[in-house]
Amino acid sequence: MLYNLIDDVDDNMVNERIKDAISEWGTLESFFNSPDIHYSRQAFNDCVRKGKIPPLSVLLEIAKKLNCDMGYLLCEYNERHHVIADVKEATGLETEVINIILNMKNSFLKLSILNELLQDDYFLAIIDLLYMADYHREKGKELNNIEDRVRSDYDAAETPEEKAKFKKRYCDYRNEHRLHDANVLANCYRLTTAFSRLIDKRYKPLPEINTSDIEARWKQEHIKKEDHSLF
């Protein structure tokens, strides 16, 4: 991954990172009074005032006490552990998700199941179908907002020509909206089928759904119709 540039990090940033990390643990006083830390709060405050970082040996003790990497304290990366920073950069997964996966290593069964799922064609199909269903649903929400604006423009129009223009525009957006809704329903059906096949482990081919025929039939029935209900 791309770590923070050394030139972009100074001793003051490191001390601020240390203070923030300690504040998540508890208070500065209780932390530096801990028998695990051979450094006083006064000495740390002096470092902060002078713009210098504590000695390396102290940083190691602090990192161990806070259960984080030295690189995190030194602001080389913004995750508490470099493995999380690397995985996050490579995959785009959230920190919480990466922690869940890493914690699964304590349970061989859980990790083996996840390993098998990520290699299963049905599971991968479910991921793709979820993505497509979400895409069409979000497009529907976007079009819904556009329809509201066009409807407002229609209400504000003063001439028959303007009203006809906004009415046609509204109908076009409404038809596109319906097509996205139809795709959401089709993908939900595929999701149900894929999940069922994943659970029962029959691994039969997914049923073919000729979406082109569905869309063609829908277009014949709806695409040329005008929506008069709102006008």
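What follows is a chat about a predicted model.

Biologist: Before we start, what kind of model is this?

Modeller: This is a predicted model.

Biologist: Okay. Start inside. How many residues does the largest nonpolar core have?

Modeller: The largest nonpolar core has 22 residues. Those with the most contacts inside it are Ile18, Phe31, Phe32, Tyr39, Ile62, Leu66 and Leu73.

Biologist: Which elements give two or more residues to this core?

Modeller: They are α1, α2 (28–32), α3 (41–50), α4 and α5. Of these, α4 gives the most, with 5 residues.

Biologist: Why would such side chains sit together?

Modeller: In soluble globular proteins, nonpolar side chains tend to be buried together.

Biologist: Pick Leu73. What is leucine 73 in contact with, leaving aside neighbours within four places in sequence?

Modeller: Leucine 73 is in contact with Val14, Arg17, Ile18 and Ala21, among others. The list also includes Leu59, Ile62, Ala63, Leu66 and Cys68.

Biologist: Now isoleucine 22. Buried or exposed?

Modeller: Isoleucine 22 counts as buried, because its relative accessibility is 0% and the cut-off for buried is under 20%. Its place is in helix α1, residues 11–25.

Biologist: And what does isoleucine 22 touch, not counting residues up to four places away in sequence?

Modeller: Isoleucine 22 touches Thr27, Leu28, Phe31, Phe32 and Leu66. There is also a C-alpha separation to give you: isoleucine 22 and lysine 65 are 43 residues apart along the chain, with their C-alpha atoms separated by 9.4 Å.

Biologist: Speaking of lysine 65, which residue does it form a salt bridge with?

Modeller: Lysine 65 forms a salt bridge with aspartate 36. Their closest N and O atoms are 2.9 Å apart. The pair links distant parts of the chain, 29 residues apart. Lysine 65 is in helix α4, and aspartate 36 is in the loop between α2 and α3.

Biologist: How accessible are lysine 65 and aspartate 36?

Modeller: Lysine 65 counts as partly exposed, at 24% relative accessibility. Aspartate 36 is partly exposed too, with a relative accessible area of 42%.

Biologist: How many salt bridges are there by this rule?

Modeller: The count comes to 11 salt bridges. One of the pairs is glutamate 24 with arginine 80, with the closest N and O atoms 3.4 Å apart.

Biologist: Why does that pair tie together separate parts?

Modeller: Glutamate 24 lies in helix α1 and arginine 80 in the loop between α5 and α6, so the pair ties together parts that are 56 residues apart in sequence. Glutamate 24 is exposed, with a relative accessible area of 60%. Arginine 80 is partly exposed at 26%.

Biologist: What about lysine 139 and glutamate 142: how do their side chains meet?

Modeller: In a salt bridge, 3.9 Å from N to O. The two are separated by about one helical turn, because they are 3 residues apart in helix α9, residues 121–156. Lysine 139 counts as partly exposed at 22%, and glutamate 142 counts as partly exposed at 42%.

Biologist: Switching to rings. How many aromatic pairs does the structure hold?

Modeller: The structure holds 3 aromatic pairs. In one of them, tryptophan 25 and phenylalanine 31 have ring centres 5.2 Å apart and planes at 85°, so the pair is edge-to-face.

Biologist: Which residues do ring pairs link into a cluster?

Modeller: Trp25, Phe31, Phe32 and Phe44.

Biologist: Where do asparagine 67 and cysteine 75 lie?

Modeller: Asparagine 67 lies in the loop between α4 (56–66) and α5 (70–73). Cysteine 75 is found in the loop between α5 and α6 (82–91). Asparagine 67 counts as exposed, at 54% relative accessibility. Cysteine 75 is buried, at 3%.

Biologist: Last one. Which residues form a nonpolar patch on the surface?

Modeller: Leu93, Val97, Ile101 and Leu111 form it, with about 250 Å² of accessible area together. Isoleucine 101 is found in helix α7, residues 95–103, and counts as partly exposed at 31% relative accessibility.

How values were computed
Residues are numbered from 1 along each chain as its sequence is written. This is a predicted model: local features need pLDDT of at least 70, side-chain atom pairs count only at pLDDT 80 or more; totals for chains, interfaces and linings use all residues. Side-chain values use heavy atoms; hydrogens and water are left out. Helices (H or I, at least four residues) and strands (E, at least two) are DSSP runs, numbered from the N terminus. Buried means under 20% relative accessible area, exposed over 50%, partly exposed in between (1.4 Å probe, protein chains only). Contact means heavy atoms within 4.5 Å. A nonpolar core is a set of buried Ala, Val, Leu, Ile, Met, Phe, Trp, Tyr and Cys residues joined through side-chain atoms within 4.5 Å. Patches are made of residues with over 30% relative accessible area and no salt bridge: like charges are joined within 9 Å, nonpolar side chains (Val, Leu, Ile, Met, Phe, Trp, Tyr) within 5 Å. Accessible areas come from the Shrake-Rupley method with a 1.4 Å probe; for residues, only the protein chains shown count as cover. A salt bridge is a side-chain nitrogen of Lys or Arg within 4 Å of a carboxyl oxygen of Asp or Glu. Rings of Phe, Tyr and Trp (its six-membered ring) pair if their centres lie within 6.5 Å; planes under 30 degrees apart count as stacked, over 60 as edge-to-face and the rest as tilted.
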